[in-house]
Amino acid sequence: MADQAFKQIESRRLLVRRFADSDVEPFLAYRSDPEVERYQGWGDYTREDARRFVAGLQSQHPDTPGHGFQFAIELKETHEMIGDCYLLTLREEPRQAEIGFTLAPGHRGRGYATEAVLRLLEYAFTTLDKHRVMAVAFCENTRSIALLEQIGMRREGRFRQSAWLEDRWADECHYAVLRSEWEGAAN
């Protein structure tokens with residue numbers, strides 16, 4: 001099922017593509033930013049962590065059940081890598097996937113995350129033939145929640161104090177959209 005031919009998907013302003021060695025520095029810059037890390041929970045992130053992460057992606061392919069795939073988000077105009085998005089095909093039910101996204105702070109508020117996630121959903125439903133795509137966000141992460149709702153995902157639940165966030169337990173909001181809902185909204 002892995003999409004071994006994957007190179008990139010394109011939108012009006014962005015390329016959502018495989019990570020390249022040149023992405024290590026911009027990836028490290030936003031991944032080690034406390035504002036970004038706050039809702040991600042990966043802790044201290046070093047240059048070596050970033051190098052290993054990017055190198056490990058070279059042999060991976062989207063849509064491998066049980067393995068998440070990270071896509072770099074690049075501005076077409078400047079070729080700058082500004083964030084990433086994620087797709088995890090579920091091992092136990094490969095017709096379903098989970099997505100995630102992270103954008104560097106200096107590029108927020110311009111619709112880039114929305115544009116990238118919409119293209120990722122289109123790829124998941126049309127190319128990978130997914131039945132259902134879900135996303136999880138900390139309920140207090142209002143920007144992510146707004147994006148998920150704006151693109152047509154519906155809240156399916158709120159899990160009370162289900163995840164550790166910095167120094168306390170926090171609620172997670174679970175969202176999903178079915179392929180039939182996605183296709184209906186597109187028409």
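Guide: A residue is called buried under 20% relative accessible area, exposed over 50%, and partly exposed in between, with a 1.4 Å probe and protein chains only. This is a predicted model, in which local features need pLDDT of at least 70 and side-chain atom pairs count only at pLDDT 80 or more, while totals for chains, interfaces and linings use all residues. Residues are numbered from 1 along each chain as its sequence is written, and side-chain values use heavy atoms, with hydrogens and water left out.

Visitor: Why does leucine 75 count as buried?

Guide: Its relative accessibility is 9%, and the limit is under 20%, so leucine 75 counts as buried. Leucine 75 belongs to strand β3, residues 68-75; a strand is a DSSP run of E with at least two residues, a helix a run of H or I with at least four, and both are numbered from the N terminus.

Visitor: Which residues is leucine 75 in contact with, leaving aside its neighbours within four places in sequence?

Guide: Contact means heavy atoms within 4.5 Å. On that basis the partners of leucine 75 are Arg13, Leu14, Glu80, Ile82, His107 and Tyr112.

Visitor: What makes cysteine 139 and cysteine 173 a disulfide?

Guide: The definition asks for a pair of cysteine sulfur atoms within 2.5 Å. The sulfur atoms of cysteine 139 and cysteine 173 are 2.1 Å apart, so by that definition the pair is a disulfide. The structure holds one disulfide. Cysteine 139 sits in the loop between β6 (132-138) and α5 (142-150), and cysteine 173 in strand β8 (residues 168-178), so the bond ties together parts that are 34 residues apart in sequence.

Visitor: Why is this disulfide, between cysteine 139 and cysteine 173, called right-handed?

Guide: Because the torsion about its S-S bond is about 120 degrees. Both cysteine 139 and cysteine 173 are buried.

Visitor: How do you know that cysteine 85 is buried?

Guide: Cysteine 85 has a relative accessible area of 0%, which is to be set against the limit of under 20%. Cysteine 85 is therefore buried.

Visitor: Which residues of helix α1 are buried?

Guide: In α1 (residues 24-31) they are Val24, Phe27, Leu28, Tyr30 and Arg31. Their cover includes α2 (34-37), α3 (47-57), β3, β4 (81-89) and β5 (96-103).

Visitor: How many helices and strands does the chain have, and what makes it as compact as a globular protein of its length?

Guide: The chain has six helices and eight strands. The radius of gyration, taken over C-alpha atoms, is compared with the globule rule, 2.2 Å times the number of residues to the power 0.38. For 187 residues the rule gives 16 Å, and the chain has 16 Å, so it is as compact as a globular protein of that length. Of the 187 residues, 47% count as buried. Among contacts between residues at least 6 apart in sequence, 60% join residues at least 24 apart.
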